[in-house]
Amino acid sequence: MRNNAILLGWNRALLGREQLAAQMFQAFTQYLQGLQKEGTIDSFEPIFITPHGGSLNGFFVLRGNPQKLDELCGSRGWAEWLMKGTLHLEGLCELRALSGPAMAERMALYTESIPR
């Protein structure tokens, strides 16, 4: 059971870098569109969170084949985007995740592991 999703989240743009962060958001979206077109990822979705006082205010969810996602996360291109993100965003985080059938399999494993 391998991760079939990536969550790339952030808190907010660093002060004074808001314009650059907005430009980077557009460029990163184009990068993801290219990954989807070439079949590296199945889909992606940007999400903004409404104000709530927390430290996660937006994220991208990328979905795809676990092996292709592993290769993506190990690529120089992905590492370059993460480095760019750390220069412009506060609280950048990359999380591996399960969704769909993989989530159901993990939940089944969890419930089987509960002591009776």
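**Figure 1. The order of elements along the chain.** From the N terminus on, the elements run β-β-α-β-β-α-α-β-β-α. That comes to four helices and six strands, where helices (H or I, at least four residues) and strands (E, at least two) are DSSP runs, numbered from the N terminus. You're looking at a predicted model, in which local features need pLDDT of at least 70, side-chain atom pairs count only at pLDDT 80 or more, and totals for chains, interfaces and linings use all residues. Residues are numbered from 1 along each chain as its sequence is written, and side-chain values use heavy atoms, with hydrogens and water left out. Along its principal axes, the C-alpha trace spans about 55 × 40 × 20 Å. Of the 116 residues, 30% count as buried (buried means under 20% relative accessible area, exposed over 50%, partly exposed in between, with a 1.4 Å probe and protein chains only). Take the contacts with a separation of 6 or more: 71% of them come from residues 24 or more positions apart (contact means heavy atoms within 4.5 Å).

Figure 2. Four strands line up here in the order 3-4-1-6, with antiparallel pairing (two strands pair if DSSP finds at least two bridges between them). At the edges sit strand 3 (43-48) and strand 6 (93-97), each pairing on one side only. From one strand to the next, the twist averages 15° (axes are lines fitted to C-alpha atoms, for helices over the stretch in contact, and angles run from 0 to 180 degrees between N-to-C directions). Helix 1 (residues 18-38) packs on this sheet and touches strand 1, strand 3 and strand 4. The direction of helix 1 makes about 155° with that of strand 3. Helix 2 (residues 66-73), in turn, lies across strand 1, strand 4 and strand 6, at about 160° to strand 6.

**Figure 3. Strand 1 and its two partners.** Zoom in on strand 1 (residues 5-10), which pairs with strand 4 (residues 58-63) in the antiparallel sense over six bridges. Leu7 stands opposite Val61 of strand 4, and Trp10 has Gly58 of strand 4 as its bridge partner. Strand 1 is also joined to strand 6 by five bridges, again running antiparallel. There, Gly9 is partnered with Cys93 of strand 6.

**Figure 4. Strand 4 beside strand 3.** Strand 3 and strand 4 run antiparallel, joined by six bridges.

**Figure 5. Helix 1 against helix 3.** Two packed helices are described by the angle between their axes and the distance between the axes. For helix 1 and helix 3 (residues 76-88), the angle is about 160° and the axes are 10 Å apart. That makes helix 1 roughly antiparallel to helix 3 (angles under 35 degrees count as roughly parallel, over 145 as roughly antiparallel, 65 to 115 as roughly perpendicular and the rest as oblique). Helix 1 brings Leu20, Ala21, Met24, Ala27, Phe28 and Tyr31 to the contact, while helix 3 brings Gly77, Trp78, Trp81, Lys84, Gly85 and His88. Sorted by class, this contact has eight nonpolar, three polar and one charged residues (Ala, Val, Leu, Ile, Met, Phe, Trp, Tyr, Cys and Pro count as nonpolar, Asp, Glu, Lys and Arg as charged, and the others, Gly among them, as polar).

Figure 6. You'll find Thr29 in helix 1. Is Thr29 buried or exposed? Thr29 counts as buried because its relative accessibility is 14%. Not counting residues up to four places away in sequence, Thr29 touches Phe44 and Phe60.

**Figure 7. Gly64 in its loop.** Gly64 sits in the loop between strand 4 and helix 2. With a relative accessible area of 8%, Gly64 is buried. Leaving aside its neighbours within four places in sequence, Gly64 is in contact with Asn4, Asp42 and Leu69. Ala13 is another story: Gly64 and Ala13 are 51 residues apart in sequence and 27 Å apart in space, C-alpha to C-alpha.
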